[in-house]
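Here is a quick briefing for anyone meeting this protein chain for the first time. Have a look at the sequence and the model, then read on.

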Amino acid sequence: MKLLHRIGYYLGGFSIGLILLAFFLSGKKTSCAYGPNARTIKNISIKERFYSEETKLAMANYSLDTLAVSKLIKTSSVNFSESDTKADSCKVYLLENEIDDKDVELWVKNCDSSATVQSIIIKSSS
């Protein structure tokens, strides 16, 4: 079999495979959260979320609602060096983000069935 025929068969089969894959995965909420940052954020995002009194006061001071905090969490990056990931029951993570050119730190206590936002600290980035 000539090389040109082999390449043709390969590309034909590869194209059919891509079409079938697109057909089976279309409309589903599939994601590729393989990195530690993405897995941690996804784990925190899907749990029932609670807010400490300190967080509620900070949200009132900075005019943030629960939707804004959820968006901050989903777009944050986890600072694993500052986080307490060695705890057995509930791990505490430092999530870092920006809002209106100001640095935001969210401390989240991530337990088995819930996530509690312990504090929100907004710093000027200058």
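**A first look**

E105 counts as buried, because its relative accessibility is 18% and buried means under 20% relative accessible area, while exposed means over 50% and partly exposed is in between (1.4 Å probe, protein chains only). This is a predicted model, where local features need pLDDT of at least 70, side-chain atom pairs count only at pLDDT 80 or more, and totals for chains, interfaces and linings use all residues. Residues are numbered from 1 along each chain as its sequence is written, and side-chain values use heavy atoms, with hydrogens and water left out.

**Salt bridges**

- The structure holds two salt bridges, each being a side-chain nitrogen of Lys or Arg within 4 Å of a carboxyl oxygen of Asp or Glu.
- E105 pairs up with K123 in one of them, and their closest N and O atoms are 3.0 Å apart.
- K123 sits in strand β5 and E105 in strand β4, so this pair ties together parts that are 18 residues apart in sequence. Strands (E, at least two residues) and helices (H or I, at least four) are DSSP runs, numbered from the N terminus.
- K123 is partly exposed, with a relative accessible area of 37%.
- K56 and E53 also meet through their side chains in a salt bridge, at 3.8 Å from N to O.
- These two, K56 and E53, are three residues apart in helix α3 (residues 53-61), so about one helical turn separates them.
- K56 is partly exposed at 45% relative accessible area, whereas E53 counts as exposed at 57%.

**The disulfide**

- Searching the whole structure turns up one disulfide, meaning a pair of cysteine sulfur atoms within 2.5 Å.
- The partners are C90 and C111, with their sulfur atoms 1.9 Å apart.
- This pair links distant parts of the chain, 21 residues apart: C90 is in the loop between β2 (77-84) and β3 (91-99), and C111 in the loop between β4 (102-110) and β5 (114-124).
- The torsion about the S-S bond of C90 and C111 is about 115°, so the disulfide is right-handed.
- Both C90 and C111 are buried.

**A nonpolar patch on the surface**

- L3, I7, Y10, L11, F14, I16, L18, L20, L21, F23, F24 and L25 make up a nonpolar patch, with about 1,300 Å² of accessible area together.
- Patches take residues with over 30% relative accessible area and no salt bridge, joining like charges within 9 Å and nonpolar side chains (Val, Leu, Ile, Met, Phe, Trp, Tyr) within 5 Å.
- Accessible areas come from the Shrake-Rupley method with a 1.4 Å probe, and for residues only the protein chains shown count as cover.
- L3 belongs to helix α1 (residues 3-25), and L3 is exposed at 61% relative accessible area.

- Most residues other than glycine have a negative phi.
- D100 has a positive phi, near 50°, and D101 has one too, near 60°.
- D100 is exposed with a relative accessible area of 69%, and D101 counts as exposed at 61%.

**N79 and its contacts**

- N79 is in strand β2, and N79 is buried at 16% relative accessible area.
- The side chains of N79 and E96 are joined by a polar contact of 3.1 Å.
- A polar contact is a pair of N or O atoms within 3.5 Å; within protein, one must be able to donate a hydrogen and the other to accept it, and residues adjacent in sequence count only if both atoms are side-chain atoms.
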